[in-house]
Amino acid sequence: MPHPRLPLEQSVAIASYLLTLPAPKEGFKIYDHAATATAEERLTETGKATLPSDLKSIDEGRKIFSTAGCLACHSVASLGGHFAPSLDGIGKHRTRAYIERVI
């Protein structure tokens, strides 16, 4: 199934929402949408993502995420699909720029 590309404005809002999700208890399994990611786009265990400060953007991102079909493939808090990686805690291992680009 091809990844549905969204407009940049919606990608930014979804990234704001995803960066607020806590890390999963069982750790991370990382898969890429793209064949490769730059070193800057990959965060190490000690790396830190910039958290969004705009609550309006977070709420907008949550709404878009819920209506754009993301949960058909991805999961959040054990809800959603299992065809793509879980997005719990994605801000711990991916940068905002990476998230925005792949969406």
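In this predicted model, helix α1 (residues 8-18) and helix α2 (residues 55-67) approach each other until their axes come within 7 Å, crossing at roughly 105 degrees. Angles of 65 to 115 degrees count as roughly perpendicular, and α1 and α2 are therefore roughly perpendicular to each other. On the α1 side, the contact is made by E9, Q10, V12, A13, I14, S16, Y17 and L18, which meet S57, I58, E60, G61, R62, I64 and F65 of α2.

The structure holds one aromatic pair, formed by Y17 and F65 in a tilted arrangement, with 5.6 Å from centre to centre and 55 degrees between the planes. Y17 belongs to helix α1 and F65 to helix α2, so that the pair links parts of the chain 48 residues apart. With burial set at under 20% relative accessible area, Y17 counts as buried because its relative accessibility is 10%. F65 likewise counts as buried, since its relative accessibility is 3%.

A further ring takes part in a contact of another kind: the charged end of R94 sits over the ring of Y98, 4.5 Å from the ring centre.

Notes: Residues are numbered from 1 along each chain as its sequence is written. This is a predicted model: local features need pLDDT of at least 70, side-chain atom pairs count only at pLDDT 80 or more; totals for chains, interfaces and linings use all residues. Side-chain values use heavy atoms; hydrogens and water are left out. Axes are lines fitted to C-alpha atoms, for helices over the stretch in contact, and angles run from 0 to 180 degrees between N-to-C directions. Helices (H or I, at least four residues) and strands (E, at least two) are DSSP runs, numbered from the N terminus. Angles under 35 degrees count as roughly parallel, over 145 as roughly antiparallel, 65 to 115 as roughly perpendicular and the rest as oblique. Contact means heavy atoms within 4.5 Å. Rings of Phe, Tyr and Trp (its six-membered ring) pair if their centres lie within 6.5 Å; planes under 30 degrees apart count as stacked, over 60 as edge-to-face and the rest as tilted. Buried means under 20% relative accessible area, exposed over 50%, partly exposed in between (1.4 Å probe, protein chains only). A charge sits over a ring if NZ of Lys or CZ of Arg is within 6 Å of the ring centre and within 35 degrees of the ring normal.
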